[in-house]
Amino acid sequence: MKTQQINNFEPNELGYWGEFGGRFVPETLAAPLEKLTDAYFAVRDDAGFQDEFLQLLKDFSGRPTPLFYAKRSSETLGGAKIYLKREDLGHTGSHKINNALGQILLARKMGKKRIIAETGAGQHGVATATVCALFGLECVVYMGTEDMRRQALNVFRMQLLGAEVRGVDAGAKTLKDAINEALRDWVTNVDSTYYLLGSALGPHPYPLMVRDFQAVIGREAREQILEKEGRLPDLLVACVGGGSNSIGLFHPFLNDETVKMIGVEAGGKSEKLGEHAARFNKAGGGKIGVLQGTKSWLLQDENGQIALTHSISAGLDYASVGPEHAYLQSIGRIDYAFATDDEALEAFQVLSQTEGIIPALESSHGIAHVLKIAPKMSADEIIIVNLSGRGDKDVNQVQEMLSENF
Amino acid sequence: MNNRIIRKFNELKTEDRGGFIPFIVAGDPDLDTTKKLILELGKQDAGVIELGIPFSDPVADGVTIQASAERALRNSISVGKILDVVGEVRNEGCETPIILFSYFNPILQFGLKNFAETAKKAGADGILITDLIPEEAAEFHEILTANELCLIMLAAPTSSDERLEKICKKASGFVYAVSRAGVTGARNEMSSEAENLVERLRKFTDLPIAVGFGISNAEQVAETWKYADAAVVGSAIVKEMMNLTPNLNEVPKDFVQKIGEFAGNLLPYKSKPPSYVGGKS
């Protein structure tokens, strides 16, 4: 399994990319995951299903999202040309709607009436609540109580959309704990319930399925840049929590050897274990392990207990990372860096003031990295950075953090 | 395979009795007490003792075992320290079969081969990994078999016949049938799914079959023995343990004795074990 050749970056039938991925779940979920995999592969190449999906992306979500040339930022930084892929302009304000629409169509096809989801920043929860309202399905969203506190606006949005938000008080009360609780719900109600997982992680087939539904980002970006610049970009940048917005942007470019890619993790307060969410940083406690159904890089202690994480951004505050990222890192196709809380907060303000766009704190990590590297690149080089979500949800939190300076 | 689990189930079969499998979380309230509890449960006619290795993210567990694991983790528990305790009870002459009950990551970080060798040396008899389905178990199965340790596999009501066959091929010692879809935790009523699952499993294996998840009193144990070879009781014991030790630093002197009595009362008989149908008869 470890050295198999991967054709077009497809996982093997057990859901492995290299040594990463798989299906580490209680036996109760094994057969339901087999059924889900079969159901997904049945629609994956089905023209009718894909048409319905694309139609919804267009009419309901407003795709394609624009590729915007950030002229002032490019000029101010004095290096590469910077383009923003405007996922913040999609319906519900982030890329999460792409995957939610894809999976809700699958859930309907499978005849499921009850939908559950986890959410960190609340964007996936809002997207799931939205598609459930669209199709009249029952929706329960699990969310850590710490995240409910810092993303109170999204909690209310979900409730407005008719979803029930269940607070999770375990662990650090963030995304990982919400996923645990969603898995417990699923294992208990597996016959009636569809688990609409929001990131490119979890047991097979989720990482594959979520990546496929998000790859629309990269396909559009590739066409758009060819149209605007007549050539491919030199660098792609995106923030990486579980890794869905980044794999969505990166995947359609993986075979373009000249296109470099950098995933930006949450550097938090420091490199000390417990104070960040930079899984690929060995110095910070990152090590290969198994969590929540998949084998990947994990922040953990020497006894294999999962470490607490910290990030200013709830959506990146997670101890593991999608297995396809782990594989692409292992073969050197994608590089990973991190941006600290302070750098992200700075980028949040810089983009707001330079381009008139308030980015999500998650996306601000990608922007922060661009602020660092764009000046080192030449004027004929091109960067595309994924602006995965809008920052409205973060305004209260940022106001609190900046209040001393205002 | 030279292994206490196999010997024990042969013995139970000869005596035409059902097996009682209590579960406790290692390190709750502390490791020294865990050691005493193992010795005590052995005296209470436990067929096999399941020793839980606490994990930070126990997705298969309900609130009781989650809370107990959290308490245990406050004591900086590690796989190595737990195996030391197993070694200590063997030194004190305890011959009750012991299986470790764990999530995969703590074992993976300890090292699969290192785990098997250390566990065998300490005197453990097998391991059950809640999040290791047969498709992922090949390497570990091989390592455990080489060390004469049993891999206890879980089967669930949702498992297809095809899956049950795969599960039984990887299993040794006994097969653990999960009584219902869901997480661990005491229930007032046992589901009828369990009996059905045990019947389906018998088509694929001659191994003894234990039923667990939700069994919490002597009546349910007796009920389970009518169609299965052993009954696992976890959350009910763990809950009693937490009730008696609200403060981890103050373990009452009679704690071990009280838990022993509690476990003893989970057995449907008091003095002389009567005959139960059980097994394949």
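Modeller: Happy to, and we can go through the folds, the contact between the chains and a few backbone details.

Biologist: What should I know about the model and its numbering?

Modeller: This is a predicted model, where local features need pLDDT of at least 70, side-chain atom pairs count only at pLDDT 80 or more, and totals for chains, interfaces and linings use all residues. Residues are numbered from 1 along each chain as its sequence is written, chains are lettered from A and ligands numbered from 1 in the order in which they are written, and side-chain values use heavy atoms, leaving out hydrogens and water.

Biologist: Great. In what order do the 8 strands of the barrel in chain B come?

Modeller: The order is β1-β2-β3-β4-β5-β6-β7-β8, with parallel pairing. Strands here are DSSP E runs of at least two residues and helices are H or I runs of at least four, numbered from the N terminus; two strands pair if DSSP finds at least two bridges between them. From one strand to the next, the twist averages 25°.

Biologist: How many bridges join β1(B) to β2(B)?

Modeller: There are 3 bridges between β1(B) and β2 (residues 49-52) of chain B, and the two run parallel. B:V25 stands opposite B:G52 in β2(B).

Biologist: And which strands does α1(B) touch?

Modeller: α1(B) packs on the sheet against β1, β3 (98-102), β4 (126-129), β5 and β8 (230-233) of chain B, at about 65° to the direction of β5(B). Contact means heavy atoms within 4.5 Å. For the angles, axes are lines fitted to C-alpha atoms, for helices over the stretch in contact, and the values run from 0 to 180 degrees between N-to-C directions. Helix α11 (residues 235-244) of chain B also packs on the sheet, touching β1 and β8 of chain B, and its direction makes about 45° with that of β1(B).

Biologist: Over to chain A. What order do the 6 strands of its open sheet follow?

Modeller: They run β3-β4-β14-β9-β10-β13 in chain A, with mixed pairing. β3 (67-69) and β13 (335-340) of chain A stand at the edges with a single partner strand each, so one side of each has no neighbour in the sheet. The twist averages 30° from one strand to the next.

Biologist: How do β9 and β14 of chain A run, and how many bridges join them?

Modeller: They run parallel, with 3 bridges joining β9 (residues 235-239) to β14 (residues 382-387) of chain A. A:L235 has A:I383 as its bridge partner in β14(A). Helix α13 (residues 341-355) of chain A lies across β3, β4 (81-86), β10 (260-268), β13 and β14 of chain A, at about 85° to β13(A).

Biologist: Now the interface. How many residues does each chain give to the contact?

Modeller: Chain B gives 37 residues and chain A gives 32. Between them they bury about 2,700 Å², 51% of it on carbon and sulfur atoms; buried area is the accessible area (1.4 Å probe) that two parts lose on being put together, summed over both. In chain B, B:V59, B:Q109 and B:E136 lose the most area to chain A, together 21% of what that side buries.

Biologist: How many salt bridges are there between the two?

Modeller: The count is 3 between chain B and chain A, where a salt bridge is a side-chain nitrogen of Lys or Arg within 4 Å of a carboxyl oxygen of Asp or Glu. One of them pairs B:D57 with A:K176 (2.6 Å, N to O). B:R163 and A:E34 also meet in a salt bridge (2.5 Å, N to O). B:R163 lies in helix α8 of chain B and A:E34 in helix α1 (residues 27-44) of chain A, so this pair joins two chains.

Biologist: Last topic: where are the cis peptide bonds you'd point out?

Modeller: One runs from A:R63 to A:P64, with omega near 0°, and A:P64 is in the loop between α2 (47-59) and β3 of chain A. Another joins B:D28 and B:P29, with omega about 5°; B:P29 is in the loop between β1 (19-25) and α2 (31-43) of chain B.
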